Amino acid sequence: MSKTRIEKDSLGTMQVPTDALYGAQTARAVENFPISGQPLPRPLLYALTLIKQQAALVNAELGLLEATRASAISQAAAEILKGMHDCQFPVDIYQTGSGTSSNMNANEVIAHRASQLLNHKSARPLHPNDEVNLGQSSNDVFPSAIHIACAQQLQEKLFPALQQLETQLTAKSAEFTSVIKIGRTHLQDATPITFGQVFSGYARQIKLAQERLACESTGLYELPLGGTAVGTGINTHAEFAARTIGRIATETRLPFREALNHFEAQAARDALVAVSGSLKSCAVSLSKIANDIRLLGSGPRCGYGELQLPAVQPGSSIMPGKVNPVMAESLIQVCARVIGNDASITLCGLGGYFELNTMMPLMAAAMLESIELLSRAITLFGDRCLAGLKADHKRCAELVEQSLALVTSLAPVIGYDRAADLAKQAYQEGKTIRELLTAEQTLPAEELNRLLDPKQMI
């Protein structure tokens with residue numbers, strides 16, 4: 001049995017591990033929510049701690065907190081920001097819907113550690129509510145932390161990954177600009193197109209995904225901090241929010257600002273729902289690109305075979321020599337997860353009743369997971385699939401020549417109905433359009449070659 005100490009809160013006493021920095025409220029949460037074993041995501045813990053650190057310094061500036069005690073809180077928070085006390089945050093993500101358990105977890109750990117740092121300088125331990133949580137409520141701190149964490153992860157991870165992917169797709173578009181392939185609509189042969197044109201479309205999709213995300217993510221920069229319990233700002237200094245958020249903006253180098261309307265900012269989580277929608281849209285684009293690439297690389301002999309994907313690992317435990325499009329499959333699975341997370345986040349957004357949303361921890365976990373998964377999968381797909389992707393020029397030319405869709409270029413000369421009859425005849429006789437017309441001498445050879453030149457069709 002591990003040794004314990006007795007800690008008190010408003011409900012009574014709790015046994016807490018002797019070496020734990022947290023107190024009774026955290027211990028109760030650990031006892032109440034042994035559900036998933038998933039604690040707060042690290043970016044969210046970082047954001048929550050950053051708020052506590054900057055709030056203490058502002059409260060000292062405002063004369064509400066003794067400078068030495070504020071300094072101790074700041075030092076304790078700095079240790080957490082460096083990852084020194086991650087094991088002291090065991091509260092499950094499936095907890096109270098306001099995030100109060102995790103907010104108090106942070107308050108208790110910081111208070112306990114700050115008291116240790118003060119040591120002989122003060123006989124009175126720091127109080128988690130009266131001092132660490134001074135001027136704050138879980139109801140404005142936790143949603144502010146979610147916004148900070150998501151905004152940081154977007155800027156530091158996902159936007160760079162998407163920009164790199166766009167660059168890689170643009171480079172492939174230039175590399176494949178002269179490779180003519182058959183187009184396909186409704187999964188049927190269509191008129192020719194170049195691989196350069198195809199990949200330019202992919203690059204544009206990713207560009208637009210970035211623009212949508214950038215537009216929606218501006219909503220994350222409004223922070224509810226300062227609204228305390230229900231948005232009225234009860235028990236906080238009038239300058240607290242603006243000063244603390246200003247410090248946070250400086251620390252993160254992101255344009256965070258106080259919410260224009262604290263009642264909207266605390267009662268609703270619409271900004272997160274909007275960003276999640278853009279993440280879903282991005283996932284749809286990525287899934288289309290990854291699916292196209294793996295289908296165009298199907299084969300190597302009995303599929304489309306127009307693309308040659310890099311072989312990154314053996315593909316079968318029973319079929320020797322088989323290689324699968326595993327990087328594309330990995331990305332597609334991530335996209336499915338992000339789309340599923342968006343459904344969860346949407347439902348969480350519906351969990352705002354009266355003055356507070358009570359599904360915030362799940363919303364935060366799903367959002368941060370989507371950003372993290374997309375960032376990693378995009379980078380790996382680009383490096384391990386796109387970078388080594390090659391076009392099979394010979395196969396592309398063969399399929400273009402065999403396509404009945406080449407007859408489209410003849411329609412302005414011989415008419416739509418006659419062109420349709422030629423396509424049917426060529427299919428029935430197992431001939432190409434060129435072979436059929438050459439045999440029939442419908443058009444002069446020079447004119448036929450001009451009309452059936454794929455370069456004239458793109």
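1. Helices (H or I, at least four residues) and strands (E, at least two) are taken here as DSSP runs, numbered from the N terminus. On that basis the protein chain has 17 helices and 10 strands. This is a predicted model, in which local features need pLDDT of at least 70 and side-chain atom pairs count only at pLDDT 80 or more, whereas totals for chains, interfaces and linings use all residues. Residues are numbered from 1 along each chain as its sequence is written, and side-chain values use heavy atoms, with hydrogens and water left out.

2. On overall form, the radius of gyration (taken over C-alpha atoms) of the protein chain is 30 Å, while a compact globule of 458 residues would have one near 23 Å, the globule rule being 2.2 Å times the number of residues to the power 0.38. Along the principal axes, the C-alpha atoms fill a box of roughly 105 × 50 × 35 Å.

3. Of the 458 residues in the protein chain, 49% are buried, where buried means under 20% relative accessible area, exposed over 50%, and partly exposed in between (1.4 Å probe, protein chains only). Among contacts (heavy atoms within 4.5 Å) with a separation of 6 or more, 73% join residues 24 or more positions apart.

4. Ser115 lies in helix 4 (residues 100-118) and, leaving aside residues up to four places away in sequence, touches Pro125 and Leu126. The side chain of Ser115 also reaches the backbone nitrogen of Leu126 at 2.8 Å.

5. Helix 15 (residues 416-429) has 14 residues, which at 1.5 Å a residue should span 20 Å, and its end C-alpha atoms are 20 Å apart, in agreement; the expected span is 1.5 Å times one less than the number of residues. Its buried residues are Ala419, Leu422, Ala423 and Ala426. Seen down the helix axis, these fall within an arc of 100°, so they line one face of helix 15, the arc being that of the directions from the axis to the C-beta atoms.

6. What covers the buried residues of helix 15 includes helix 14 (411-414) and helix 16 (433-440). On the other side of helix 15, Asp417, Lys424 and Gln428 are exposed. Just after helix 15, Gly430 takes a positive phi of about 70°.

Technical notes. Polar contact = N/O pair within 3.5 Å; in protein donor to acceptor, adjacent residues only side chain to side chain.
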